[in-house]
Amino acid sequence: MSGGKGKGKGGRGAGKSTTSSAKAGLQFPVGRIGRYLKQGKYATRMGAGAPVYLAAVLEYLCAEILELAGNAARDNKKSRIVPRHLTLAIKNDEELNKLLGGVTIASGGVLPNIHAVLLPKKSSTKST
């Protein structure tokens with residue numbers, strides 16, 4: 001007799017399931033990362049907080065890179081992020097450049113840089 005709403009213990013487990021990503025307040029998939037950690041045989045045992053922590057770190061890194069790349073795209077008067085903007089964002093940030101120093105981004109290009117020796121000399125004295 002115990003229907004949907006009201007008092008009683010009926011239908012306690014019938015509610016909508018909550019993902020571990022939602023419990024942690026993350027966008028990245030905690031369950032999938034946990035599955036990959038298990039399948040990868042990185043350790044014989046794995047704690048419950050490990051995939052949550054890794055998902056949080058990956059989400060933070062992505063948010064940081066995307067914010068800087070969005071700023072680079074806006075500086076170039078573009079509304080879409082392309083690999084060039086990712087390269088500019090990473091190379092202009094000291095910590096991201098250290099983390100991703102050995103990474104090559106396809107179609108990313110290089111930072112605009114002309115060595116000081118190659119620049120034309122400024123004549124300081126006027127010839128009369």
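Contact here means heavy atoms within 4.5 Å. Helices (H or I, at least four residues) and strands (E, at least two) are DSSP runs, numbered from the N terminus.

This is a predicted model, in which local features need pLDDT of at least 70 and side-chain atom pairs count only at pLDDT 80 or more, while totals for chains, interfaces and linings use all residues. Residues are numbered from 1 along each chain as its sequence is written, and side-chain values use heavy atoms, with hydrogens and water left out.

1. Helix H3. The buried residues of H3 pack against helix H2 (30-39), helix H4 (83-92) and H5. Those buried residues are Pro51, Ala55, Glu59, Ile65, Ala69, Ala72 and Ala73, where buried means under 20% relative accessible area, exposed over 50%, and partly exposed in between (1.4 Å probe, protein chains only). H3 covers residues 50-75, 26 residues, and reaches 38 Å from its first C-alpha to its last, close to the 38 Å expected at 1.5 Å a residue; the expected span is 1.5 Å times one less than the number of residues.

2. Overall fold. The protein chain has five helices and zero strands. Of its 128 residues, 16% count as buried. Among contacts between residues at least 6 apart in sequence, 35% join residues at least 24 apart.

3. Core. The largest nonpolar core has five residues: Leu26, Val30, Ile33, Leu37 and Ala55. H2 gives the largest share of this core, three residues. Such a core is a set of buried Ala, Val, Leu, Ile, Met, Phe, Trp, Tyr and Cys residues joined through side-chain atoms within 4.5 Å. Not counting residues up to four places away in sequence, isoleucine 33 touches Pro51, Leu54, Ala55 and Leu58.

4. Backbone. Most residues other than glycine have a negative phi. Lysine 41, in the loop between H2 and H3, has a positive phi near 55 degrees. Lysine 41 counts as exposed because its relative accessibility is 70%. Lysine 77 follows H3 and has a positive phi near 60 degrees. Lysine 77 is in the loop between H3 and H4 and counts as exposed, at 76% relative accessibility.

5. Surface. The protein chain exposes about 11,100 Å², and carbon and sulfur atoms supply 56% of it; accessible areas come from the Shrake-Rupley method with a 1.4 Å probe, and for residues only the protein chains shown count as cover. Isoleucine 114 is found in the segment after helix H5 (94-99) and counts as exposed, at 60% relative accessibility.
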